[in-house]
Amino acid sequence: MRLLAAARTLSRSNLAKPANVVVSSCRTCSSAIIPNERIRNIGISAHIDSGKTTLTERVLYYTGRIAEMHEVRGKDGVGAVMDSMELERQRGITIQSAATYTIWKQHNINIIDTPGHVDFTIEVERSLRVLDGAILVLCAVGGVQCQTMTVNRQMKRYSVPHLTFINKLDRTGANPYRALQQLRTKLNHNTAFVNIPIGLEGNLRGIVDLVAERSIYFDGPCGQDISFDEIPAEMRTEAAERRQELVECVANADETLGEMFLEERVPTVDDLKAAIRRTTIQRSFSPVLVGSALKNKGVQPLLDAVLEYLPNPCEVNNYAILNEEESSNSNKVLMDPTRDATKPYVGLAFKLEAGRFGQLTYVRVYQGCLKKGEYIYNTRTGKRVRVQRLVRLHADQMEHVMLTMPLGVSPVYSQDVEEVYAGDICALFGIDCASGDTFTARTSSNLSMESIHVPDPVISMAIKPSNKNDTDKFSKGISRFTREDPTFRVYFDTESKETIISGMGELHLEIYSQRMEREYNCPCVMGKPKVAFRETVTSPVPFDFTHKKQSGGSGQYGKVVGVLEPLDPESYTKVEFEDRTIGTNVPKQFVPAVEKGFREACEKGPLTGHKISGIRFVLEDGANHMVDSNEISFIRAGEGAMKQAMENANAVILEPIMSVEIVAPNEFQGTVIAGVNRRHGVITGQDGAEGYFTLYADIPLNDMFGYSTELRSCTEGKGEYTMEYSRYQPCLPSVQEELINKYLEATGCCSSVESTTTPPPHVGDWALNPGLCDYAVLH
């Protein structure tokens with residue numbers, strides 16, 4: 001006890017200077033385990049700039065977790081608690097989901113604040129995967145927006161019950177009734193108000209609780225003093241109508257209340273609350289609450305609604321997949337949410353963060369008990385790991401331990417615990433794993449929790465460190481980011497020798513580039529990735545090439561004769577070799593050498609330096625020398641024959657064509673089609689359903705860069721597209737001329753171009769270039 005008191009005193013004295021705090025405090029768990037009925041795991045999700053983080057800040061303040069509130073954009077130099085990254089505070093957006101827990105009316109509430117931007121949708125995806133309930137936040141002015149629809153689809157995918165909170169009633173143009181109508185028409189929700197506002201915009205004074213039939217006012221400088229009163233006289237008629245509407249909507253989804261409604265009995269407050277809870281958990285009804293987080297109004301009733309209407313861990317069925325080695329079938333196993341150690345431990349690692357002292361792994365416990373010092377097993381790798389440290393994030397500041405994070409990331413406060421049970425969300429230190437891994441207490445159990453849905457990347461960019469000496473830092477950062485974020489993917493293009501990063505949008509990739517500079521001191525340069533063009537011939541061209549080299553002693557001699565043929569368009573990516581020789585003019589043991597030389601010459605074409613494909617090299621005849629002919633001679637002969645044929649052929653550049661599928665609301669059809677035509681696309685089909693149309697088109701990959709941003713801007717963020725490789729086809733003459741000019745400039749050949757009027761003999765590589773002259777000899 002003396003040690004703990006000393007630690008507390010030390011922590012108090014250093015609160016003003018958190019950078020110097022190093023307190024090794026450990027909270028001992030009480031013998032009484034909190035029952036499931038007093039636990040809620042919730043997430044806060046919405047469209048960007050709907051006030052999610054501001055709402056979370058108020059929740060933490062009213063529940064006593066933080067001593068004062070701060071603005072999201074950090075105008076006071078502090079910023080919101082949940083925006084721990086410096087980039088988040090500067091931009092005023094949430095980039096990473098942040099976890100915390102708090103206590104409200106003897107209930108433990110685990111809260112995850114998620115980003116609203118579509119580029120960070122994976123953060124919402126994996127948060128909803130591990131939560132039992134959610135709060136869908138709407139802006140009273142914007143109503144249902146594009147990301148609201150995406151979040152709604154994600155909640156539906158994981159069957160997450162939710163409340164709806166219409167925020168920003170203090171804004172000019174606020175209209176919660178329009179937002180409610182949009183919930184019904186755009187999202188097909190069975191929904192109704194549980195409380196309504198007293199006044200709007202600058203006249204917002206409080207709210208009317210329709211269930212308890214009373215008005216609620218929020219007094220004090222921070223809205224912490226709540227007072228109850230009768231419903232104002234001018235609002236009694238509206239309140240009665242809205243309450244009747246609430247009862248009807250719930251009665252349509254709940255049998256018990258439906259019977260009371262048909263019998264024309266007036267439900268009591270407890271009857272109505274119980275019916276709302278049942279229908280909310282079944283996802284057949286969604287209660288709507290109103291307020292203004294910025295003006296400190298309506299937050300406490302929302303917290304009460306979380307306890308009264310959202311499920312506890314016992315009321316949600318979670319399944320694990322049992323993978324049996326003998327059979328290919330996988331059976332689902334229902335997890336036991338009982339908070340004791342009778343069943344073996346099962347948990348899911350849903351989020352990773354890297355600190356200076358190792359990886360921080362967020363885990364949701366689905367079954368059993370996990371104690372500090374125990375060994376657990378990663379079912380994906382089969383490795384056994386020891387739980388050295390078990391923490392709950394964002395604990396009471398009096399018993400805090402500061403986790404030192406990388407440069408640019410604010411410290412995260414945590415609380416050490418000895419054990420966690422089913423229904424808890426905690427974090428582990430120093431565990432090597434990937435996002436989505438399942439941990440169990442037994443090696444024999446081949447259990448894995450249902451996987452998290454990971455959307456495919458929509459944009460790719462080339463990236464490289466500004467300073468070549470920063471390669472080690474660059475690779476460390478890239479490795480960490482790919483482990484943390486499944487939608488951030490990296491590969492090295494061997495053809496263009498570029499590192500290509502793929503993600504959910506330009507902002508997504510830009511954020512990672514800035515994090516690389518802030519956290520690893522490695523400035524990066526990003527640009528458009530190189531497209532894998534190809535070169536081919538349009539008609540058959542004969543070749544007759546002799547390779548001769550005499551330098552004293554045995555020399556080199558090899559002669560090949562044949563024809564270079566173009567392949568069919570569906571084989572434009574292939575390179576074929578055919579041996580049609582008869583007799584021993586070209587000995588059979590040297591034919592593979594000719595093929596090797598031909599394939600080596602295909603690595604670099606004469607027009608733009610890209611690979612040559614879509615051709616067949618037909619070897620018809622040749623000659624050899626008894627002494628001078630050897631393997632290297634025919635390799636060089638194959639190379640020379642290929643170059644000679646390409647010089648005399650009519651070469652064209654092939655570009656990759658992508659099959660693109662675009663989905664957008666019907667009102668943007670004309671704009672989307674115009675955008676496809678601007679990018680030289682060919683529309684191949686179209687269909688539509690439920691107010692949306694689907695457009696199928698073939699568009700050159702070279703013209704697709706930046707399309708995701710253009711599509712979002714011209715469809716108000718509601719358009720989506722997917723694309724996959726279809727085929728190669730010859731590019732437009734103007735594009736070919738531009739590519740050739742760029743290649744000549746890049747290789748520095750423009751200064752050594754000699755203009756002639758007749759084709760020169762085949763000395764070196766040359767290319768037809770109408771932009772410069774009739775023929776150009778490249779020395």
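Predicted model: local features only at pLDDT ≥ 70, side-chain atom pairs only at ≥ 80, totals over all residues.
How many bridges join strand 17 to strand 24, residues 438-440? The answer is 2, and these two strands run antiparallel. Residues are numbered from 1 along each chain as its sequence is written, and side-chain values use heavy atoms, with hydrogens and water left out.

Back to strand 17, which spans residues 375-378. Strands here are DSSP runs of E with at least two residues, helices are runs of H or I with at least four, and both are numbered from the N terminus. Two strands pair if DSSP finds at least two bridges between them. Facing strand 24, Y377 stands opposite T440. Strand 17 is also joined by 3 bridges to strand 18, residues 384-386, again antiparallel. There, I376 stands opposite V385. Their hairpin has 5 residues between the strands, and G382 takes a positive phi near 80°.

Now for the second largest pocket, with a volume of about 950 Å³. On a 1 Å grid over the protein atoms alone, a pocket is an open set of points where a 1.4 Å probe fits, with protein on both sides within 12 Å along at least five of seven lines; lining residues have an atom within 4 Å of a point. Volume is the space filled by probe spheres set on the points, which are joined across faces, edges and corners. Of its 36 lining residues, the closest to the centre are K530, V531, F533, H610 and L739. Helix 17 gives the most to this lining, with 7 residues.
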